[in-house]
Amino acid sequence: LWLESIPPTATVPSLTSIFSQYGAVESARILSDKSSGFINYSNTDAAIQAKAALNGTEIAPGTGPLRIGFAKVVQPSALSISSLPQSGPKNTSTDISYTVKDTTKLEKVISIPTRTLCDMELDMVEIVREYGADDDELSKIRSNLSNAISFTSFIEELPTLPDPNPNRVYDAPKLRDIRKRIDNGSCSVSEIEAAAVDMLDEIAELASDYLGNTVVQKLFDNCSEDVKTRMLRRLAPYLAQLGIHKNGTWAAQKVIDVANTTGQMEIIANSLRPYTVHLFLDQFGNYVLQCCLRFGSPYNDFIFETMLSRFWDIAQGRFGARAMRACLESHYVNKEQQRVLAAAITLHAVQLATNANGALLLTWFLDTCTLPNRHRILAPRLIPHLVALCTHKLASLTVLKVVNYRAEPEARRAIFEALILNPDESALEETLRDSAQGPIVIYKILTTPFLETDIRQRSIAAVRNVLFRLKVHPSQGYRRLMDEVGLSTRS
């Protein structure tokens with residue numbers, strides 16, 4: 001099924017939960033624009049029933065009707081990567097599938113089953129060791145991984161905020177008066193705290209009010225730690241809901257910004273943790289989590305542990321990927337947190353390379369991260385999927401970044417040996433068969449300025465042989481590559 005007008009707060013697990021009522025869902029996917037996606041059922045009857053039941057309905061209050069249609073299935077020859085000759089070990093779990101966003105646009109998707117954090121734990125520890133972690137850091141990282149694996153109490157759907165009370169004591173005129181007095185300095189600290197205590201019963205509702213949230217912010221700015229803690233305890237059950245509310249998010253961020261005691265930090269962390277995935281994927285909620293980074297470890301560990309346990313769910317989201325990158329670039333992140341997330345990026349490299357949002361994390365990893373040997377460690381993860389990556393417009397950029405990185409020539413050599421200098425030339429031939437992308441990528445790889453002379457000469461000979469065998473023509477997009485390897489294109 002092809003879905004349009006998906007609510008911005010929807011997640012892959014929440015869609016799966018809704019659509020699985022009508023039959024077994026094989027896969028669910030939300031596209032990068034966050035308003036469209038696909039649901040694949042095991043049988044046609046389930047898809048027909050789901051379309052009839054849900055088309056034109058609201059799956060979240062106030063988000064408008066969901067539009068559902070049957071996706072056009074395109075099945076060109078040789079869809080399975082496992083059926084294509086590849087460099088390196090053969091990976092039979094990787095598939096190239098095609099989905100249609102409309103009748104004129106074909107989108108190629110490299111589909112690789114994601115592994116659970118429990119399955120990846122040993123690999124992550126080994127990669128972190130290669131990134132330079134000492135024994136003390138490894139001990140902390142193992143503890144974080146264990147905590148991330150053991151926490152399974154995530155809540156995918158946020159409950160709603162309390163309904164507005166028509167008999168609210170603090171109405172708009174009173175709130176304006178309090179705000180004006182605080183701004184003018186005509187209200188003493190004791191008076192401010194007395195007003196805060198008097199508002200406790202209404203503070204959760206006020207925090208989401210367009211005017212009330214500004215007053216709540218001023219109360220947290222001016223009250224003592226004891227009064228702030230009392231207000232926080234009343235807000236804590238609704239803190240995540242406030243975080244995704246257009247008014248409430250400002251109050252939630254202020255509450256987090258002024259939290260100073262370990263007790264306050266602990267209340268906030270415990271309140272947000274079950275909803276962390278939802279917050280990461282929300283346009284407002286992701287900033288609420290970023291505010292928590294200033295707590296430092298161990299009070300911000302829940303953010304990084306969620307990124308580890310639900311890495312792919314968050315990384316493919318528009319706001320999730322950007323929030324993860326912001327966390328990695330924050331000066332509050334410590335080396336253990338950065339190393340373990342770099343290991344997660346390494347293990348998900350192929351999925352990230354083919355996703356417009358996930359690619360942002362790979363760009364950080366390859367261009368900004370300063371961990372040693374990261375290109376050399378990443379290259380073996382890419383090699384089993386080189387054909388698919390090099391014929392994918394977005395993913396090919398990752399291969400080119402590894403090839404063009406001067407400081408780690410061994411990573412570049414590994415790519416060349418697998419893709420171009422492999423004796424059977426099967427990977428190179430399959431790449432060059434894709435006239436739309438293959439010749440462009442091979443040309444860019446051959447013209448990298450850091451290529452050793454002997455490898456370049458051998459590569460040119462190999463490419464020339466394959467082009468001869470394929471009997472290509474310059475008009476098919478091979479002109480620049482043919483000129484580069486010495487094949488005349490003038491006749």
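Colleague: How many salt bridges does a search of the whole structure find?

Modeller: The search finds 23 salt bridges. Please note that this is a predicted model.

Colleague: What makes the pair Arg234 and Asp201 a salt bridge?

Modeller: The closest N and O atoms of Arg234 and Asp201 are 2.9 Å apart. The definition asks for a side-chain nitrogen of Lys or Arg within 4 Å of a carboxyl oxygen of Asp or Glu, so the pair qualifies as a salt bridge. Arg234 belongs to helix 9 (residues 225-235), while Asp201 sits in the loop between helix 6 (189-198) and helix 7 (203-207), so the pair ties together parts that are 33 residues apart in sequence.

Colleague: Why is Asp201 called exposed?

Modeller: Asp201 has a relative accessible area of 69%. Exposed means over 50%, and Asp201 is therefore exposed.

Colleague: Why does Arg234 count as partly exposed?

Modeller: The relative accessibility of Arg234 is 37%. Partly exposed covers the values between buried, under 20%, and exposed, over 50%, so Arg234 is placed in that class.

Colleague: How do you know that Asp221 forms a salt bridge with Lys254?

Modeller: The closest N and O atoms of Asp221 and Lys254 are 3.2 Å apart. This is within 4 Å, so the pair is a salt bridge. It links distant parts of the chain, with Asp221 in helix 8 (residues 212-222) and Lys254 in helix 11 (residues 248-257), 33 residues apart.

Colleague: What makes Lys254 partly exposed?

Modeller: Lys254 has a relative accessible area of 21%. Buried would require a value under 20%, so Lys254 is partly exposed. Asp221, at 45% relative accessibility, also counts as partly exposed.

Colleague: Where do Glu329 and Arg325 lie?

Modeller: Both lie in helix 17 (residues 318-329), 4 residues apart, about one turn of the helix.

Colleague: Which residues are linked in a network of salt bridges?

Modeller: The network links Glu425, Glu429, Glu430, Arg433 and Arg469. Arg433 is also among the residues in contact with Tyr478, leaving aside the neighbours of Tyr478 within four places in sequence.

Colleague: Why is Tyr478 called buried?

Modeller: Tyr478 has a relative accessible area of 3%. Buried means under 20%, so Tyr478 is buried. Tyr478 is found in the loop between helix 27 (453-470) and helix 28 (479-484), and its contacts beyond four places in sequence include Leu432, Pro439 and Leu467.

Key:
Residues are numbered from 1 along each chain as its sequence is written. This is a predicted model: local features need pLDDT of at least 70, side-chain atom pairs count only at pLDDT 80 or more; totals for chains, interfaces and linings use all residues. Side-chain values use heavy atoms; hydrogens and water are left out. Helices (H or I, at least four residues) and strands (E, at least two) are DSSP runs, numbered from the N terminus. Buried means under 20% relative accessible area, exposed over 50%, partly exposed in between (1.4 Å probe, protein chains only). Contact means heavy atoms within 4.5 Å.
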